[in-house]
Amino acid sequence: MSDAPTRRMNMIEAINSAMDVAMTRDADVVVFGEDVGFFGGVFRATAGLQQKFGKTRSFDTPITECGIIGVAVGMAAYGLRPIPEIQFADYIYPALDQLVSEAARIRYRSAGQWHMPITVRSPFGGGIFGGQTHSQSPESIFTHVSGLKTVIPSTPYDAKGLLLSAIEDNDPVLFFEPKRIYNGPFDGHYDRPVQPWAKHPASEVPEGQYTIPLGKAALVREGQDLTVITYGTMVHVGLAAVEELGVDADVIDLRTLVPLDIETIEASVKKTGRCVIIHEATRTSGFGAELAAQIQERCFYHLEAPIERVTGFDTPYPHSLEWAYFPGPVRIGMAIEKVMKD
Amino acid sequence: MNDSRGRNLPPLSLHIPEPPARPGEEADFSHIQVTPAGETPRPDSSAAAHDLRDMAFGLVRVMDDAGQAVGPWDPRLSPDALRTMLRDMALTRAFDDRMFRAQRQGKTSFYMKCTGEEAVAVAQTHALDREDMCFPSYRQQGILITRGCPLVDMMNQIYSNKGDALKGRQLPIMYSSPEYGFFTVSGNLTTQLPQAVGWAMASASKGDSRIAAAWCGEGSTAEGDFHAAMTFATVYRAPVIINVVNNQWAISSFAGFAGGEATTFAARAIGYGIAGLRVDGNDALAVYAATAWAAERARTNNGPTLIEHFTYRAEGHSTSDDPSAYRSAEEGVKWPLGDPIARLKTHLITIGEWNEDRHAAMDLELAESVKAAQKEAEKNGILGHGLHQPFETMFEDVFEEMPPHLKEQQAQMMAERMRKWPNGGQGPR
């Protein structure tokens, strides 16, 4: 691993590299979606793949998400390993039936006669002035569905390793890409200059094949007094908040929501006795509610304070008031103060 | 009264479609134009879609009222092939009758017959290659029967018993069989159409020779999936046959609620630039010929075909349905296109290759073989009587490998069983 050649990559480049590696290794891997082929995707994640692997391996599709996922199911039934892209997670709803009732259920309903090795890639989350149709975080809609895995990376290194695992997985995976950090990590201070990935150690990415197992969280900061659980963009916002407040905290990057690495969470919360959960998605029935429930089931007698959730508000994602909506340093700070009070 | 622009117009009115006849009323099929057999021309299967527009409004028919096969669509099948087709249709009907009765006897929860529509699945399967992939809806049991799937296997699924390959997980008749090229049936309508197109695209991209076929009802052409499938099919010229089985009724909603008052379902193809054929779905020879035409078109890279099979759902939607509550009881007898089995039988008799005695003997033999299969299947158990699948199998096949949260829930369920039945937790045997 240490001898493998590496290269500085931002998250887009790392995701592109993962598909490049997978398509090179396996002729059954195909990528498709709106603007994915010749142009290489509106975020450039599939740039160069059509030129390298040909038009039948990387191609543009009609604007019908239902069709994109429905066709992916049929291709998987044939024996291909499709990677459909849904251009924005906000557009995924027309594909819900094909994901929830079909892709997620076909292994079960056919008792294993067919399986669905589909990786649905989709940029998600806000902080880019995308308004309510280019900013949503719908992950908990999918974590609620039996038969789907949900993966969310927070660095270029993780993005490539997790995406390669997702592609190799024989079950359908929702791979949500935090588009706010495609080009650089984000500390939550929208008024400060953007930092490029190049300064971050996790931008050193092997050029070849490697995987990060699904279902394993990463302890990205070790501390004694508080457990911060988060994923995606909010890993960086949470880390920055902890440093700024000078709290000695464990920060857990879930990386995979389903299957959940509850052991890492349990060990940390039992150690610190205090827990803050951060996600950008709306609050009610968000994934934080599931985490809080599971933590109290396992760690109730170790808790020194009620678990706090820091989330987006239960409103549509507003355009001009984006930074008032976003769960930034102030909201996180208030939650940490509250949980650390006694 | 004049409106704000000074126009004197009657007020707007909303059109709610209404079928020609309701219970107690005389069945009325006067709106159906029955094209005489042999009249509809047969274009070349490589013809451009825009040259085929009239096909979407015609009706491909081969067997005339006298039982002769006439016209350019006559597939000229051998008497042996015709008799096999007749037999597969009769077996499908015998199977339906037996399984319907089994449901009424409380041996399973649910059943769906395809009475009156046997020609669609059976004749089409005869026209397809054995290796072609089928993405059926819930009324194409004729595919499995024609491809020789053992009836016992199908019955095991219907009973959700020990022999059920699907481990008792699916509603009866939602078969699944890779071996017989029959994709797992979904209860969510028309999801199988874009899937069939995806399979066909994969086959084409791999330089394979196999094509895909999918079926949905006229009612569910209203689903978005239908239009997604048509769009993908035309864009990539996918080697796929999309079949719309227009049996006039979607549970209690007549075809008018899917747009059937305004145009034909075959005409849906025109807007997509896809070849569209409208076929007498009760004429097995027409169904065979149209399918063979579409299969040749697909296999020669000339793209997809939409076939509307014009037929009639002679019985209820399912065992849970009572059609006498919403349609005229006379419809079945007045249906202008007759019964598909009776028509093929008449044809075979007319050409001197069949007779009433042989038919009666065949029916008897088929009924006996279905009965024997049922006896065999019931050795594996019937629904609701005894435990057919170990409880822990509930958690298998959600994922390839069982993740920790499912293992935990599986343990919880087993603890519940142990509390209820302390002797091993498996309950009364």
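Predicted model: local features only at pLDDT ≥ 70, side-chain atom pairs only at ≥ 80, totals over all residues.
1. Two residues are in contact here if their C-beta atoms, placed from the backbone, lie within 7 Å.

2. α8(A) covers residues 233–245, and at 1.5 Å a residue its 13 residues should span 18 Å; the C-alpha atoms at its ends are 19 Å apart, which agrees. Just after the helix comes Gly246(A), with a positive phi of about 70°.

3. Now for chain A as a whole. Its secondary structure comprises 12 helices and 14 strands. The radius of gyration is 19 Å, close to the 20 Å that the globule rule gives for 342 residues, so chain A is as compact as a globular protein of that length. Along the principal axes, its C-alpha atoms fill a box of roughly 60 × 45 × 45 Å. Buried residues account for 59% of the 342 residues in chain A. Taking the contacts in chain A between residues at least 6 apart in sequence, 77% join residues at least 24 apart.

4. Chain B has 12 helices and 7 strands. For its 429 residues, a compact globule would have a radius of gyration near 22 Å, and the 24 Å of chain B agrees with this. The C-alpha trace of chain B spans about 75 × 70 × 55 Å along its principal axes. Of the 429 residues, 49% are buried. Where contacts in chain B link residues at least 6 apart in sequence, 76% of them join residues at least 24 apart.

5. Chain B also holds an open sheet of 5 strands, which you can trace in the order β1-β2-β3-β7-β6, with parallel pairing. At its edges are β1 (133–135) and β6 (275–280) of chain B, each of which pairs on one side only. Direction ignored, neighbouring strands of this sheet are turned by 20° against each other on average.

6. In chain B, β2 (residues 212–217) and β3 (residues 240–246) run parallel and are joined by 6 bridges. A handy landmark is Trp215(B), which stands opposite Asn243(B) in β3(B).

7. Is helix α2 of chain B, residues 118–127, mostly covered or mostly exposed? It is mostly covered, with 10 of its 10 residues buried. These buried residues include Glu118(B), Gln124(B), Thr125(B) and His126(B), along with Ala119(B) and Val120(B).

8. Finally, how do the two chains meet? Contacts involve 36 residues of chain B and 37 residues of chain A. On the chain B side, α5 (192–205), α6 (224–235) and α12 (404–420) each supply at least two residues. Which of the elements gives the most to the side of chain B that touches chain A? That is α5(B), with 10 residues. By residue type, the side of chain B that touches chain A divides into 18 nonpolar, 13 polar and 5 charged residues.

Technical notes:
Residues numbered from 1 in each chain as written. Chains lettered and ligands numbered in written order. Helix = DSSP H or I, 4+ residues; strand = E, 2+ residues; numbered from the N terminus. Nonpolar A, V, L, I, M, F, W, Y, C, P; charged D, E, K, R; others polar. Buried ≥ 20, exposed ≤ 12 C-beta atoms within 10 Å, placed from the backbone. Expected span 1.5 Å × (residues − 1). Pairing = 2+ DSSP bridges. Axes fitted to C-alpha atoms, helices over the stretch in contact; angles between N-to-C directions. Rg over C-alpha atoms; globule rule 2.2 N^0.38 Å.
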